[in-house]
Amino acid sequence: RVENLRGQPLPTFGLPTLTGELYHHTKGDGFRSPTLVAILNPDNAAAATSIKALRRAQATMPRSVDLIFAFTGSNADLISEAVGQPIEGEYDLLKAKVLARDCGTSVFPTILVVNSDGIITDVILGVNNSLVQDVIQSVALIE
């Protein structure tokens, strides 16, 4: 279950990007900065709302934070529409069903807050009116 991932390393995954490249993460590897991994269903209306909220949270944080939007679908046009114009420090990934399964995700969106060491420090499920504040608070608690 995704709720049990706190304190665990982010699983290994390799997924195509919207630009046709491959993004790969190996379990145990770190990131250049804290990273928010949002597992999204592109057919869910909450995907676009979550993307906007996470970008807003990223823009207001006092530290550098990267965003990974991992979509369970493979329709690049639908995902491009949800993402709009990508921003710096953002990775838009397709075909993330295996990642969702490996994380035990059953609610979309699922947001994994990952520290620079690649360890999941928090899990945020679903979208709500306080998502921006919840994300900022979770990142602020990372040492």
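Predicted model: local features only at pLDDT ≥ 70, side-chain atom pairs only at ≥ 80, totals over all residues.
1. Residues are numbered from 1 along each chain as its sequence is written, and side-chain values use heavy atoms, with hydrogens and water left out.

2. Helix α1 covers residues 46-60 and helix α4 covers residues 131-140, where helices (H or I, at least four residues) and strands (E, at least two) are DSSP runs numbered from the N terminus. The two helices pack at an angle of about 45 degrees, and their axes are 9 Å apart; axes here are lines fitted to C-alpha atoms, for helices over the stretch in contact, and angles run from 0 to 180 degrees between N-to-C directions. The pair α1 and α4 is therefore oblique, given that angles under 35 degrees count as roughly parallel, over 145 as roughly antiparallel, 65 to 115 as roughly perpendicular and the rest as oblique. Their crossing is right-handed, the term used if the near helix is turned clockwise from the far one by less than a right angle, with anticlockwise giving left-handed.

3. Which residues bring α1 and α4 together? From α1 come Ser 50, Ala 53, Leu 54, Arg 56, Ala 57 and Thr 60, and they meet Leu 131, Val 132, Val 135 and Ile 136 of α4, contact meaning heavy atoms within 4.5 Å. By class, this contact of α1 with α4 has seven nonpolar, two polar and one charged residues (Ala, Val, Leu, Ile, Met, Phe, Trp, Tyr, Cys and Pro count as nonpolar, Asp, Glu, Lys and Arg as charged, and the others, Gly among them, as polar).

4. Ser 50, in helix α1, has a relative accessibility of 1% and so counts as buried; buried means under 20% relative accessible area, exposed over 50%, and partly exposed in between, with a 1.4 Å probe and protein chains only. Not counting residues up to four places away in sequence, Ser 50 touches Leu 40, Pro 109, Val 127 and Leu 131.

5. Ile 136, on the α4 side, counts as partly exposed because its relative accessibility is 28%.

6. The contacts of Ser 138, leaving aside neighbours within four places in sequence, are Val 113, Asp 122 and Ile 124. With Asp 122 there is a side-chain to side-chain polar contact of 2.5 Å, a polar contact being a pair of N or O atoms within 3.5 Å; within protein, one must be able to donate a hydrogen and the other to accept it, and residues adjacent in sequence count only if both atoms are side-chain atoms.

7. Thr 35 belongs to strand β3, residues 35-40, and counts as buried because its relative accessibility is 2%. A polar atom of the Thr 35 side chain lies 3.0 Å from the backbone oxygen of Ser 33. Leaving aside neighbours within four places in sequence, Thr 35 is in contact with Asp 66, Ile 68, Leu 112, Val 113 and Val 114.

8. Two points of backbone geometry deserve a check by eye. Most residues other than glycine have a negative phi, and most peptide bonds are trans. Phe 108 and Pro 109 are joined by a cis peptide bond, with omega about 0 degrees, and Pro 109 lies in the loop between α3 (97-103) and β6 (110-114). Lys 95, which is not a glycine, has a positive phi of about 60 degrees; Lys 95 lies in the loop between β5 (90-93) and α3 and is partly exposed, with a relative accessible area of 48%.

9. Gly 84 sits in the loop between α2 (76-83) and β5, and at 42% relative accessibility Gly 84 counts as partly exposed.
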